[in-house]
Amino acid sequence: MINGSRGIPFGITHPIVGRISLSPIETPTRDSILLLEDVFSPKTINPDLAGVIVRNRSKVAISGPVAGRPTLFLSDLRLQLEMHDIVAIHTDGTLETLFRPNSRDNSLFVTDNCNCNCLMCSQPPKTCNDIQYRFAINEKLVPLIPAQTETLGITGGEPTLLGPLLSKLLSAVKGYLPNTEIQVLTNARAFSSTDAVKQIRNVEHRKVIFGIPLNSDHSSLHDYITQSSNSFAQTVTGIHNLTRYDQRIEIRVILQRPVVRRLRKLAEFIFRNMPFVEHVAFMGLEPTGNAAVHWGDICVDPSSYETELREAVELLSISGIPVSIFNLPNCVLSSDLWPFCKQSISDWKRIYDDSCSRCKVFSRCGGFFESARTIGRLKAEPVS
Amino acid sequence: MRIELRQDNLEVRVQLQTYSLDVLHKCFYWYGEDFSVDIETENGSIGLVLLRPKAGTIDESLLGSLSERIRSDLIDFKVRDIVTQETRNVRDLLIAKAFACTDEFDTPVPVQSTDIDHDHC
Amino acid sequence: MSYYLLPFRFQRLNEKEEVLVNEVGDFLICSAGTAGMVVRREIDSTDPIYADLLANFFVSEKPIPDLIDVLATRYRTKKSFLDSFTCLHIFVMTLRCNHGCIYCQVGRRTPEDAGYDMSLENLSRSIAMMFMSPSKNLTVEFQGGEPLLVLDKIKEAVETISAANKAYSKNVTYVLCTNLSLLSEEALEFCMQYGIIISTSLDGPEYVHNANRHILGINSYESVIRGIATCRERLGNDRVSALMTTSEFSLGFPIQIVDEYLRQGFSSIFIRALNPFGLARRRDGKKSYSVDQFLHFYKTALLYILQLNLQGTHFVEEYARIVLSKVLTPFASGFTDLQSPNGVVNSVVAYNYDGNVYASDEARMLAEEGDYTFRLGHVQRNSYAEIFYGPKARDIAEFWANESLPGCSECGFQTYCGADPVRNYATQGSAAGRRPSNAFCKKNREIIRFLLELMSNSNDIERVFRTWLNPSWLREQPVCQ
């Protein structure tokens with residue numbers, strides 16, 4: 001959920017999902033939500049418009065909807081909204097940006113619930129009854145997403161908590177976006193049941209990859225990180241079952257203090273037990289959510305694990321498994337690891353230090369997490 | 001365990017309760033290139049291994065290192081025997097699963113009700 | 001809380017170290033006596049090695065480990081070479097040969113001898129039988145004598161196979177084993193047309209090669225070097241490979257032999273000992289050198305090769321690579337000699353010029369000496385079922401898996417090694433063999449121990465070994481060897 005903002009709703013009886021249209025640049029359609037930059041009535045308004053958002057710059061008192069259409073009055077003027085962004089307006093007046101065509105990091109958010117509570121979770125789970133609600137929103141969202149979208153995530157919380165709705169969602173995505181690469185972020189625990197996997201297989205979506213976190217090569221350490229017993233056994237079994245039914249897999253290893261000493265052994269474990277995985281990503285910590293709460297236990301300076309990381313990356317790479325390093329700026333790693341670094345931090349939370357403009361490798365560096373600023377971790381060292 | 005040199009024979013005596021005949025056979029199989037090996041029981045509870053060198057005789061000076069080697073080998077083969085006994089069932093199960101053709105041999109991974117509970121505050 | 005044991009074996013590496021190996025080949029090198037400590041429950045969950053024991057499936061916290069299905073999949077993967085069944089089909093097209101190699105195992109005849117070429121009837125029946133294999137990949141290997149003496153028959157064979165394959169759509173790879181002295185334009189064009197891979201013999205520098213391999217009136221070394229160059233030029237570098245055989249004379253020149261392969265532009269060498277068959281046996285009545293002598297030669301060459309790698313030259317020793325693929329990867333090995341069950345029948349079969357079918361090349365060599373123990377049948381007189389699943393095959397099956405052989409059943413290196421009933425029979429008189437004096441056992445035990453010890457002592461060497469296993473390099477190798 002990004003850029004949540006709250007305004008005053010009029011005539012919004014059920015959640016509205018629509019594409020932002022800026023008057024008078026184009027003719028709105030019934031999937032459009034017209035964005036007005038101030039309170040005024042345009043001469044004509046398409047009566048089929050899904051809704052209207054009004055930025056109340058003049059701060060006038062408002063009494064009712066614009067032209068009889070469902071309307072949201074926003075006084076938060078900082079909110080960035082651009083043409084063709086897809087948003088949801090909830091009945092309580094919250095405005096949620098669901099999709100930004102100018103971003104490479106869009107996801108379908110499916111639930112806040114999770115069956116783990118990982119120490120480093122950047123988006124800690126909430127217990128709530130949101131699965132049906134979010135499914136309905138996504139059902140409206142998917143048809144509006146441009147067909148030429150290259151990549152789209154499915155995230156939460158834990159997407160497998162949707163049960164059969166997950167394959168239903170994947171079917172919809174396959175139908176409307178057949179050429180879009182889909183990445184589902186999941187702990188795969190539910191896939192320790194082959195029935196759950198078969199449902200996914202039956203969708204026959206050829207462009208789905210499952211991104212699955214693995215913390216260690218044995219249960220006590222992995223389960224300590226997920227704060228959930230049996231999670232290691234279920235996740236590894238889930239990974240195997242997914243492969244049995246022809247699904248693609250990426251393993252994600254979040255680099256945190258309890259796990260870094262065993263990185264090389266984890267790499268060996270991955271190669272020996274799941275050599276079929278398509279990709280392994282070693283990921284720097286995002287200091288937000290649970291990670292911020294547990295920062296003292298899990299934070300670790302990349303320079304202190306560089307040797308272990310290098311050994312792990314090298315082992316997988318030599319063995320033929322593609323490897324990447326995510327979420328770490330180039331300056332914290334030695335240059336032999338740079339070829340593996342990817343610009344992975346989502347654009348809406350990526351920042352650079354002022355000194356970065358002097359850096360020789362600025363253009364290919366993935367930068368820092370915005371949240372790193374607040375926790376005092378923005379230690380840039382420009383490369384000369 | 002007693003290891004004694006009697007004329008040309010090295011005599012190794014063990015408690016069969018500690019080192020079974022299986023263990024003795026597997027251990028002293030490897031001595032068969034350099035020695036003639038006989039394995040017998042004495043009084044029902046003692047295992048007796050007779051080693052006669054195929055070439056030459058056993059030097060007193062070599063007795064020490066040979067005894068060491070025998071003791072160490074016996075322990076190793078005893079350890080192997082324990083592993084074989086303790087893991088027989090798991091191994092059979094593993095191989096049966098490996099060559100089974102259907103899902104019905106899958107072992108469900110334990111799922112407690114708390115695993116997918118929403119009880120974290 | 002105490003733990004449960006999972007199936008594993010162990011073996012001493014040296015004074016200080018032993019290696020634990022589990023049922024699927026995962027290993028832990030640790031101090032001597034660790035296996036005993038594990039078994040006596042002297043390891044505590046706070047010991048650093050405990051996590052390693054769990055992660056590598058040596059112990060479990062439950063009587064049936066949670067990941068048992070994953071282990072089962074890995075076991076099946078290790079034995080997956082069984083899925084395809086016979087994939088290497090050796091066609092012995094003729095016994096006639098124009099060379100006189102001191103270690104010849106073929107029972108060769110002179111080029112003038114009549115009656116030692118494969119007839120067209122036997123050829124067509126052998127081809128038909130080959131296509132009955134369930135394997136999707138077939139490697140057709142033409143051997144002899146010298147196959148280029150019967151180029152017409154080779155062409156006939158390839159054309160017949162190629163035409164028949166339209167109905168089966170298998171991936172067929174052709175390999176021609178030749179000394180290259182009779183390489184003609186006609187042969188080259190034909191090889192080009194069908195993508196045939198050339199496998200030739202290069203024993204080392206000229207003085208070693210010519211000492212081992214004689215041909216009247218011709219310098220064998222010069223002829224093979226010329227032939228290699230021509231084949232590379234016309235067929236492509238990746239279509240030419242060479243094998244060496246170690247004679248007693250070769251034993252003095254490990255480094256020079258490696259250097260020769262380097263000089264000739266090869267990126268690997270397969271250091272092969274003499275097989276105890278054919279002339280190699282008859283010449284002396286016993287093996288012409290001891291296992292220890294071969295091991296000394298092998299290790300010298302291997303250490304030299306490692307030095308080259310550490311200095312930046314990528315050069316592989318093939319036998320080590322095969323063993324290492326079993327140690328360092330979860331995959332099955334395609335090398336028939338080190339499979340359990342052994343590759344005889346399961347992976348390889350030899351169709352002799354006279355129509356007899358043998359369990360392997362070595363089995364055929366025994367027959368040349370009058371011993372038909374491992375003859376499976378005859379292409380004209382027996383059906384596929386009688387040959388591949390008949391009583392002979394089943395007799396061999398008693399002894400082709402090291403899991404159940406005396407000495408092997410609890411050996412720590414079992415997963416990395418194999419069984420060789422034909423060699424056991426030839427050298428010791430029984431297909432089961434007797435391990436303490438068995439040359440195959442001594443050789444493999446020491447090579448495996450040596451490789452593990454090298455890795456334990458040096459991360460750099462382990463890294464080099466892993467580069468030898470890189471899949472993109474492996475892709476260049478033929479499927480079945």
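A polar contact here is a pair of N or O atoms within 3.5 Å; within protein, one must be able to donate a hydrogen and the other to accept it, and residues adjacent in sequence count only if both atoms are side-chain atoms. The model is predicted, so local features need pLDDT of at least 70 and side-chain atom pairs count only at pLDDT 80 or more, while totals for chains, interfaces and linings use all residues. Residues are numbered from 1 along each chain as its sequence is written, chains are lettered from A and ligands numbered from 1 in the order in which they are written, and side-chain values use heavy atoms, with hydrogens and water left out.

**View 1. Here chain C meets chain A.** With contact meaning heavy atoms within 4.5 Å, 27 residues of chain C touch 24 residues of chain A. About 2000 Å² is buried between the two, 54% of it from carbon and sulfur atoms (accessible area, 1.4 Å probe, lost on putting two parts together, summed over both).

**View 2. Chain B sits against chain C.** Here 30 residues of chain B and 37 residues of chain C take part. Together they bury about 2900 Å², with 64% on carbon and sulfur atoms. Look for the salt bridge of C:Glu23 with B:Arg91, whose closest N and O atoms are 2.9 Å apart; the count for this pair of chains is 5 salt bridges. Polar contacts link 11 residue pairs, both at pLDDT 80 or more.

**View 3. Two helices cross inside chain C.** Helices are DSSP runs (H or I, at least four residues), numbered from the N terminus. The axes of H13 (residues 318–328) and H19 (residues 459–468) of chain C come within 9 Å and cross at roughly 100°; axes are lines fitted to C-alpha atoms over the stretch in contact, with angles from 0 to 180 degrees between N-to-C directions. That makes H13(C) roughly perpendicular to H19(C), a label for angles of 65 to 115 degrees. In H13(C), C:Ala320, C:Arg321, C:Leu324 and C:Leu328 meet C:Phe465, C:Arg466 and C:Trp468 of H19(C).

Key:
Parallel < 35°, antiparallel > 145°, perpendicular 65-115°, else oblique. Salt bridge = Lys/Arg side-chain N within 4 Å of Asp/Glu carboxyl O.
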